[in-house]
Every structure is written in structure tokens, then in C-alpha cells.
Amino acid sequence: MNVIVTGANRGIGLELVRQLIARGDRVEAACRQPGEARDLQATGARLHAVDVADGASVAAFAHALAERPIDLVINNAGVFGGMRQRMQDFDFDAATHAFEINALGALRVSQAFLPHLRRGTGKKIAYLSSVLGAVGQTNAPDHLVYRMSKAALNMIARSIAFELHDDRILSIAVHPGWVRTDMGGPNAPTTASEAARSILGQIDAATFADSGELVDTKGAHLVW
Ligand SMILES: NC(=O)c1ccc[n+]([C@@H]2O[C@H](COP(=O)([O-])OP(=O)(O)OC[C@H]3O[C@@H](n4cnc5c(N)ncnc54)[C@H](OP(=O)(O)O)[C@@H]3O)[C@@H](O)[C@H]2O)c1
């Protein structure tokens, strides 16, 4: 398969690339600074300099692969959104930045690679999302920036599922659990390697019954 992974230089994205390469997929790995991405360089993926918050950068990425069919786009790039994440102590600039990356970035990349996906055979778009973006599961006031941006991402994933249904392209949001990365921190119970394995398992297993859904690492459909 030909696969796009964004935010590929560290964390879950890097592990996704490693496992995709290990099973024989061809990976077009996007990160902001490929020249400094030593671990990613070692994987054998093809590297691209891409900032998902920058439309010109994403357009150049898609143009560089203009002739290539793509089977799977994994929108993994994400940020937490800073420390001030409650209504009474809220960082609007950090929120705008997080929205640009977590929500609009994924929309931008998915839109840019739609022609490539139409030519591919896999026809799947995946989004690294979170239950923290599930409105119906919210029971605490914290992480407001992150929750807002992932709620928007969840809506993007679901809307695109309807928009691309007739193209037979799946759109699926995946909640990877709490994962030990720079974002997840050292106390998270799941390693990036374990998370990547289960994410790829869910993407591989996804059918149209899962399109437009938020799935966990066991394939259960989560409440939005
Ligand atoms: N860790 C968890 O517990 C957890 C739980 C649920 C969902 N997720 C989601 O899973 C995804 C990966 O998370 P992670 O834990 O691996 O996070 P991470 O270790 O902090 O890595 C984030 C990745 O996103 C990239 N990125 C940030 N801004 C970018 C931009 N503007 N353009 C391109 N790439 C950008 C980073 O690149 P730089 O090195 O250039 O900053 C990095 O490669 C995120 O979408 C996150 O929200 C994580």
C-alpha cells in the first residue's frame, strides 16, 4: 500500500511509519523538519517537509506526489494546545493554533490528497482523534483547547464519511487510548508501539460500517 503519515518524526506517527515499513508498505512521511528527523530517516520512508497548518506546504506535498495513487492517509499530526485550557484561564492564540493543526490541518491534507485517494485501491482516510473530543463523554472542565479541536476533528471525520461515500472512500476517527509520548507524558499506560499496532489493526479492519465513526483500539464505536 501507498500510505501518507503526517507528524511522522516522533511519537505515534513515528511508530506508525516503522510498522508500515516493516510490513512492506511504501510510506510518504510528512514532518516539519525532515533534516532533523534522525529516527524517521532511519525507517526508509520517503520524507517530505510539511506543516499541516500551512496550506501552501500541504499543496506542495500533494503536488510532489501528483502522479502517485495513495491508498491510505493517516492524519496523525497534532498538538495539545498549551497549559491554559479552562474558560477562566484560556489562551486564545494557543486554541487558534491547535484548531489550525488538529482540525483544519487534517481537513487540508485529506482534501489535498483526494485525487490520489481516488486513484488508489485502499481508499481510507484515518484521523488520530480522542475521546476527549467526544462531547457526550465530557465530564470535566479541563483540556478545553484540546477537546474543542478534537471535537471539530471528529465532525470533520464524520462529515467527510458522508461526502465521500459515493467515492467508496472510508473516513474513520481512531482513539488510541492514553499513549506514552511527548504529548501523553511518562505515566501513560500504552507504548507508542502498542498504540500504532492497534491503530493499524483498526484501520485495516475498517469497513463502511465504521466510516464516520470514532473507534477505539478494539474496534468499538465510541459515543461522540
Ligand atoms: N498521546 C496520547 O495519549 C494521545 C491520545 C489520543 C490522541 N492522540 C493523538 O495522536 C496524535 C499523535 O500524538 P502523539 O502522542 O504522538 O504526539 P507527539 O508525540 O506530541 O507528536 C506530535 C506530532 O505532531 C507533529 N506536529 C505538530 N504540529 C505540526 C504541524 N503544524 N505540522 C506537521 N506536524 C505537526 C509533531 O511534529 P514536531 O516534532 O515538528 O512538533 C509530532 O511529530 C495526535 O493527533 C494526538 O492528538 C494522542
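Leaving aside its neighbours within four places in sequence, which residues is V5 in contact with? Select V5 and you will find G13, L16, V17, V27, A29, A30, I74 and N76 in contact with it, where contact requires C-beta atoms, placed from the backbone, to lie within 7 Å.

Before going on, note that this is a predicted model, in which local features need pLDDT of at least 70, side-chain atom pairs count only at pLDDT 80 or more, and totals for chains, interfaces and linings use all residues. Residues are numbered from 1 along each chain as its sequence is written.

Next, colour the largest nonpolar core, a set of 67 residues in which V5, V17 and A29 have the most contacts; such a core consists of buried Ala, Val, Leu, Ile, Met, Phe, Trp, Tyr and Cys residues joined through C-beta atoms within 7 Å. Helix 6 (residues 144-163) gives the most to this core, with 10 residues, helices being DSSP runs of H or I with at least four residues, numbered from the N terminus.

Then move to A98 in helix 4 (residues 92-112), which is buried because 25 other C-beta atoms lie within 10 Å, the cut-off for buried being 20 or more. Beyond its neighbours within four places in sequence, A98 is in contact with V79, G81, V145, Y146 and S149.

Finally, show the ligand and the 28 residues around it, of which G7, G11, G78, T181 and G184 come nearest; a residue is near if its C-beta atom, placed from the backbone, lies within 6 Å. Helix 1 (residues 11-22) gives the most to this shell, with three residues.

How values were computed. Helices (H or I, at least four residues) and strands (E, at least two) are DSSP runs, numbered from the N terminus. A residue is buried if 20 or more other C-beta atoms lie within 10 Å of its own, exposed if 12 or fewer, and partly exposed in between; C-beta atoms are placed from the backbone. Two residues are in contact if their C-beta atoms, placed from the backbone, lie within 7 Å.
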